[in-house]
Each structure stands twice: as structure tokens, then as C-alpha cells.
Amino acid sequence: MSTKVLCVDDDPNVLSALQRNLRKQFDLHVTTGGDEALERMKQDGPFAVIVADMQMPGMNGVQFLSRARQLSPDSVRIMLTGNADQATAVRAVNEGQVSRFLTKPCATDRLAQALRTGIEQYRLIRAERDLLENTLNGSIKALTDILSLVAPVIFGRALKLKHHMRGLAQSVGIRDTWELEAAAMLSQTGYATVPADVLEKERAGQDLTDGERDMLQRIPQVSSNLLANIPRLENVARIVLHQHKHFDGSGFPADDVVGEQIPIGSRLLKVLIDYLELHARWLNKSRALEHMQKRSGWYDPRILDAAFVYFDVYLNRSATDDATRHAVGIQDLRPGQILLTDVKTAEGALVVTSGIELSPMLIERLKNLQQLGGLKEPVWVTG
């Protein structure tokens, strides 16, 4: 577990003094500005403790720590300031979630004690997170396994979202993606409440009644309400609630949340959901992303730019990796394989969409359907 400390100050003399006095006690890293520090976090993180000066040119301490929190939410953040006024403190706590203020000049022994306390706090946070994630993963798997049986097409969409969420989040510099992947996987649970004929109409692009449109529009709320009742999934529930929110503040839900106030997981989900929908319709990644560029105010520009890079790299690599593609019968499917073709009944009815990772429960369902009525074989898989 990391014990590294990152100190950010625009004064090289201050950084030199910190290195002289603390390098024997801590794994100390220093940078002279916010932008450089963010790059260091992406390359060398995670850092257990991040210490930042308040008054820095370009990006001040509050702005830096706010962005640092997005990259590494578990890192303990400390602010050094020579101007500890109430307004600064309020901003630092609200935007950067600073755990401690130290007034400059700060005695070496006082700073050293603060760093030791911060490292211990980081260890406790990580230990709790590891336990929490292991416990919740079982609950999430149970929910998604049920979704795979009730609505396999929607389950396939959720798996695609989870898979791409990790890659797209990492492409914008987010290392800890557990909550984001959980939100992607659980964002579709509300579809289990929608009648199958309405889902089929939506999938086929048919005209919907006002009631049907309202039913589909409320899916984020339904999904969020379900998750809000599970302890420690509050952040996931908020991400799911705002998954259709536009960056300019329009869209669902109709609240005052706008721009970077929208959870970054929601902003990522919005890009991924719309991309997968448009790509499925046109089977052309470039056309889908270019169409999204024309939707003024819908997406976080930084995330949309990252999507161009991420999907180009990923799809080009996948398309040329023919060595892993092979055709198998239903009885030969294995967990972890990715479907490259839809699975359909002998009559042509869709059972499972392509692009999903096969789970043991889903394979068991397909084998049962094969015995009862027959599925078209072979199916193409990778992995």
C-alpha cells in the first residue's frame, strides 16, 4: 500500500527545504505547480498524502486539490497557507475536501507528524475500501445475474458499459474505477421494470407513446432509488441518477446540477451510453462520435475528446486480432469469453446481444434454452 507523499509549491526554496528535512522520513515527491503535480499523479500515483500551497500562479491550491480528489479520491489532502481566512477554508473543504490546514511557515516536526497521521489515515481508508468492495461485489454480481436472466439484452448493454467505463476513465486520468464500473454495470437495472414489448420497440427504433417515453425516461430514477437503499452505494446511486444529464445542465433530472458539478461518472456514462446507441444504429464508430460532437452542450468536452482516442485505439486493435476469434457450439461456451455475434433462437428471436462477457449463469441459461427449443449454432466468440 502506498506511503508516498506529494508536495506542491511554486517556491523552489520551500521544496528544497522540505526535501532536506523530510526525505529521510518519507518517500517524498515534489513539484512546482498544479499541472505538473497532476501529471505526476497520473504517472507515479497513488500518493497517500498530498500537500499543496494555497497561493500558486495559474492553478491555486483549492483548484489543484479539487482536481487531485477526482484522480485519487482516497489520498489525504493537506493545505499549506499563509492566509487561513474563513473563505479559503470553506472553499478548500467543499471543493478539495481538505482534511487539515497548516499555516506557513510550518515547523518541520509539526509537518512530519501531520504526514504520519495522513499516511495512517490513508491506510485505514484503503483497508475499509478493500473490505467494502469485496463485500459489495457479491451483492452487485447477484443483482446483475438476475438482470441477465430477466433482460439479457439489457444485461449485454450493461456489460459493454462496464468494460468501456474502465478504459475511458483511465484515459482521462482516473485510476480508481471501482465505483465507476459499478455504476456502469448497475445503471441499467431499472430496465427490469419495463415491459418486454416496450424494450423491443425502443431497440427497434419504433415510435413510442407518451407513457412509454415517460417510463423509459424514469429508468435512471428507478435504478438510483434501488441502489440508494444499499449501504455505501450512495455515490454509485448519484452517478446512476445523472447518467442522462447534459453537461450544460439540461436533460434528466431537472435540477440545478451543471458542468463539473455533475458526477464525473455520470459524464462518462452519458458519453458511453450515447456512443453505444449510435454505434449500434450505424455500425460506424467515426460517424457516431462525429454526430455526438454536433450535440452542443450535451457532453463534457474533455471526455468526448478522450472517447475519440480510446475507441479508435480499442476498436482498431480488436478488429485485427483475428487469432482469438473462433466458432463454438452452445455446449462449449466458457465463462470469460466475449460474444462476437448475437445469440438467437432457431426462429430468429434475439436472446443475447454480441459484445458481452459470458458469465456462468448466462451460459447455464443458454444451455437450458438450447435443450428446450434450440439456438442457432455456431456462435463466434473471442477469449
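User: How many bridges join E7 to strand E10, and in which direction do the two strands run?

Analyst: In this predicted model, 2 bridges join E7 to strand E10 (residues 379–382), and the two strands run antiparallel. Within this part of the structure, Leu339 stands opposite Val381 in E10.

User: To which sheet do these strands belong, and what is its order?

Analyst: As a general idea, the strands of a sheet pair through backbone hydrogen bonds, either parallel or antiparallel. Here, E6-E10-E7 is the order of an open sheet of 3 strands with antiparallel pairing. Strand E6 (325–328) and strand E7 (338–339) are its edge strands, each of which pairs on one side only.

User: Which sheet has parallel pairing?

Analyst: An open sheet of 5 strands, in the order E2-E1-E3-E4-E5, has parallel pairing. At its edges lie strand E2 (27–31) and strand E5 (100–103), each pairing on one side only. From one strand to the next, the twist averages 20 degrees.

User: How many bridges join strand E1 to E2, and what packs on the sheet there?

Analyst: Strand E1 (residues 4–8) is joined to E2 by 5 bridges, and the two run parallel. Leu6 stands opposite His29 in E2. Helix H1 (residues 12–22) packs on this sheet and touches E1 and E2; the direction of H1 makes about 175 degrees with that of E2.

User: Which residues of H6 and H7 meet, and how do they divide by class?

Analyst: From H6, the residues are Phe155, Ala158, Leu159, Leu161, Lys162, Met165, Arg166 and Ala169; they meet Leu180, Glu181, Ala184 and Met185 in H7. By class, this contact of H6 with H7 has 9 nonpolar, 3 charged and no polar residues.

User: What is the mean pLDDT of the chain, and where is the pLDDT below 50?

Analyst: The mean pLDDT of the chain is 85, with 91% of its residues reaching 70 or more. Residues 313–323 have a pLDDT below 50, and this stretch has 6 contacts in the model beyond near neighbours in sequence. Where pLDDT is low, the predicted coordinates should not be read in detail.

Note on methods:
Residues numbered from 1 in each chain as written. Predicted model: local features only at pLDDT ≥ 70, side-chain atom pairs only at ≥ 80, totals over all residues. Heavy atoms only, no water. Contact = heavy atoms within 4.5 Å. Helix = DSSP H or I, 4+ residues; strand = E, 2+ residues; numbered from the N terminus. Nonpolar A, V, L, I, M, F, W, Y, C, P; charged D, E, K, R; others polar. pLDDT = per-residue confidence, 0-100. Pairing = 2+ DSSP bridges. Axes fitted to C-alpha atoms, helices over the stretch in contact; angles between N-to-C directions.
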